[in-house]
Amino acid sequence: MMGNSVTSWANGRNGDTPLLYAEVPEEQAGIADQASREKETLALRRALHRMTLLYNFEASLHVPLELDALLQLIPEKVRLTLECQAVHVWLFDNDVLTVVSSAGVDSSVSTGMQQAPGTGYVVDMAETGVSLRITDPADPRLQGRHREGSPPIFTAMLVPLIQDDAEIGVLEAVNPISGEPFRHEEEELFHTLSKDRQRCPGACWS
């Protein structure tokens, strides 16, 4: 036995001399290298996939559309990019937030729903202007959204919508299809999508 190595025996040149050699450390190093390469490859594929989605998403915004059609297009494109259950667009009317469009399935939110200051976490987040990611299914803010007969909302992510350096609303996403809570990298992607709205032709949010 040499150190912590597992040893093997092999015959010498004349077939009668046993040679002792260590082989497991090299195997372990090879396995670790392979796992590292596979992890890097997976990360690269995910990055390329999202770059493609972002490119397609950006291209879709430059197709001439009426405002109503554009408001329906954007949450659906965001939902597909984030791979989540539903996305909602909330816009300010004075101090009150109103859902102007949605995509996906979420019975706890409907078009025309409103939140006045102090009546919900969406408007609370909008008042701070800081993005919000709720990852605990037991969070009271999510528990309040449960509807009988509908899948529970187990995670939510919100970012401010900015137009001409002013906050005009909130973009909200719920429940990744993976079944896992939203991660930091998805929050960064969400920010990228919301910032793209500033380049939307014709000030589509106004």
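**Sheet and nonpolar cores of the chain**

From the N terminus on, the elements of the chain follow the order β-β-α-α-β-β-β-α-β-α-β-β-α, which comes to five helices and eight strands. Helices (H or I, at least four residues) and strands (E, at least two) are DSSP runs, numbered from the N terminus. The model is predicted, with pLDDT of at least 70 needed for local features and pLDDT 80 or more for side-chain atom pairs, whereas totals for chains, interfaces and linings use all residues. Residues are numbered from 1 along each chain as its sequence is written, and side-chain values use heavy atoms, with hydrogens and water left out.

Six strands form an open sheet in the order 5-4-3-8-7-6, with antiparallel pairing; two strands count as paired if DSSP finds at least two bridges between them. Strand 5 and strand 6 (132-134) stand at the edges with a single partner strand each, so one side of each has no neighbour in the sheet. Strand 3 (residues 84-93) and strand 4 (residues 96-104) run antiparallel and are joined by eight bridges. Within this pair, V87 has A103 as its bridge partner, and L91 stands opposite T98. The hairpin of strand 3 and strand 4 has two residues between the strands, and N94 takes a positive phi near 60° there. Strand 4 is also joined to strand 5 (residues 114-115), by two bridges in an antiparallel arrangement; here L97 stands opposite Q115.

A nonpolar core is a set of buried Ala, Val, Leu, Ile, Met, Phe, Trp, Tyr and Cys residues joined through side-chain atoms within 4.5 Å. Buried means under 20% relative accessible area, exposed over 50%, and partly exposed in between (1.4 Å probe, protein chains only). The largest nonpolar core has 18 residues, of which W90, L97, Y121, V122, L158 and V170 touch the most other members. At least two residues of this core come from each of strand 3, strand 4, helix 3 (121-128), strand 6, strand 7 (156-163) and strand 8 (166-176). Helix 3 gives the most, with five residues. Leaving aside residues up to four places away in sequence, V170 touches H88, V89, W90, L97, V122, M125, A126, L158, V159 and L161. A second, separate core of 17 residues includes C84, M157, A173 and F190.

Of the 206 residues of the chain, 37% count as buried. Among contacts (heavy atoms within 4.5 Å) with a separation of 6 or more, 53% are between residues 24 or more positions apart.
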